[in-house]
Amino acid sequence: AGARPWPAAPGGHPRPSVVLVACDSLDGRLTFYPGNQTVDLPFINFMKRYGTVFLNAYTNSPICCPSRAAMWSGLFTHLTESWNNFKGLDPGHVTWMDLMEKHGYHTQKYGKLDYTSGHHSVSNRVEAWTRDVDFLLRQEGRPMVNLTGDRKHVRVMEADWQNTDKAVNWIKEEAINLTQPFVLYLGLNLPHPYPSPYAGENFGSSTFLTSPYWLEKVTYEAIKIPKWSSLSEMHPVDYYSSYTKNCTGEFTKQEVRNIRAFYYAMCAETDAMLGRLM
């Protein structure tokens, strides 16, 4: 919003610059559900107020790398054949950003991409091919919370903040001197949980980490605890996911409320990165 239009393309239409910010694992209900009272997201709300909200947007795949492979290639998952978090696009695959560059846009990207093959952990690679066998492979540590710093500790996810700073500095120092429209992509890892070192290097991420600064932006009283189905009632895919995410054990209501509160705090930090770029 507010980007200056560049010289018109053939046909007389202006060519605006494009900024795409992608974050990982943000609950869509926080961005459009009018009854959300758990955490204030001022910059997402600003975009809602002055932009467009898509209420019927669906991912091509409910898994990280396949969904990103679909977005970057513009192809359905059955065409990319990216079925799991280890198999993405082949190196050199033509992406939407390549096409923008071909049509006269200057392109720049920072942060998390995760749409090519070969990423994620060793256990993830194994787990990706064992969904249809008669044993289960637990991939994550037990979900847990971790409070760090004090009320002045703002930059908890330092890597994301560094990439945000790079994008901001690029706009201030380089983009303003361009003679062509630009495409800027910023990929954030938050509010995806952090790695769980206590579970070993090949395990995934199940630690919800934040500081008092962000946690104070969460309204504990508004946090709802969903009903958790018994394992015998679950769809096999839900059961498998619950097992690999180590969510089949007993959790007290306070544990669940804390995990959700820390997650909302991580969403607030993500929103602040969006605000910095805006």
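1. Ser-206. In this predicted model, Ser-206 has a relative accessibility of 4% and therefore counts as buried, the cut-off being under 20%. Ser-206 belongs to strand β6, which covers residues 205-210. The side chain of Ser-206 makes a polar contact of 2.8 Å with the side chain of Ser-196. Residues up to four places away in sequence aside, Ser-206 touches Glu-140, Gly-141, Arg-142, Pro-143 and Met-144, and also Pro-193, Tyr-194, Ser-196 and Tyr-198.

2. The chain as a whole. The protein chain contains ten helices and six strands. It has 278 residues, of which 39% count as buried. Among contacts with a separation of 6 or more, 75% are between residues 24 or more positions apart.

3. The three-stranded sheet. Three strands form an open sheet in the order β1-β4-β2, and their pairing is parallel. Which strands stand at the edges of this sheet? They are β1 (18-22) and β2 (106-111); each has a single partner strand, so one side of each is left without a neighbour in the sheet. On average, and with direction ignored, neighbouring strands of this sheet are turned by 10° against each other.

4. The pairing of β1 with β4. Strand β4 comprises residues 182-187, and five bridges join it to β1 in the parallel sense. Within this pairing, Ala-22 stands opposite Gly-187 of β4.

5. Leu-184. This residue is placed in strand β4. Is Leu-184 buried or exposed? Its relative accessible area is 0%, so Leu-184 is buried. Leu-184 and Val-19 are 165 residues apart along the chain, yet their C-alpha atoms are separated by 4.7 Å. Beyond its neighbours within four places in sequence, Leu-184 is in contact with Val-18, Val-19, Leu-20, Gln-108 and Tyr-110, as well as with Ala-167, Trp-170, Ile-171 and Leu-277.

6. Helix α7 over the sheet. Helix α7, residues 158-173, lies across β2 and β4 and runs at about 165° to β4. The helix has 16 residues; from its first C-alpha to its last it reaches 22 Å, close to the 22 Å expected at 1.5 Å a residue. Its buried residues are Asp-160, Trp-161, Asn-163, Thr-164, Asp-165, Ala-167, Val-168 and Trp-170. What do the buried residues of α7 pack against? Their partners are β2, β4, α8 (212-215) and α10 (253-277).

7. Helices α2 and α10. The axis of helix α2, residues 42-50, comes within 7 Å of the axis of α10, and the two cross at roughly 60°. The helices α2 and α10 are therefore oblique to each other.

8. Helix α3. This helix spans residues 64-73 and is mostly covered, with eight of its ten residues buried. The buried residues are Cys-64, Cys-65, Pro-66, Arg-68, Ala-69, Ala-70, Trp-72 and Ser-73. Their cover includes the helices α4 and α5 and the strands β2 and β4. After α3 comes Gly-74, which has a positive phi near 75°.

9. Asn-84. Between α4 (77-80) and α5 (96-102) runs a loop, and Asn-84 lies in it. Asn-84 counts as buried because its relative accessibility is 4%. Which backbone atoms does the side chain of Asn-84 reach? One is the backbone nitrogen of Phe-86, at 2.9 Å; another is the backbone nitrogen of Lys-87, also at 2.9 Å. Asn-84 and Ser-67 stand 17 residues apart in sequence, with a C-alpha to C-alpha separation of 9.5 Å in space.

Definitions and conventions
Residues numbered from 1 in each chain as written. Predicted model: local features only at pLDDT ≥ 70, side-chain atom pairs only at ≥ 80, totals over all residues. Heavy atoms only, no water. Helix = DSSP H or I, 4+ residues; strand = E, 2+ residues; numbered from the N terminus. Buried < 20%, exposed > 50% of the residue type's maximum accessible area, 1.4 Å probe, protein only. Polar contact = N/O pair within 3.5 Å; in protein donor to acceptor, adjacent residues only side chain to side chain. Pairing = 2+ DSSP bridges. Axes fitted to C-alpha atoms, helices over the stretch in contact; angles between N-to-C directions. Contact = heavy atoms within 4.5 Å. Expected span 1.5 Å × (residues − 1). Parallel < 35°, antiparallel > 145°, perpendicular 65-115°, else oblique.
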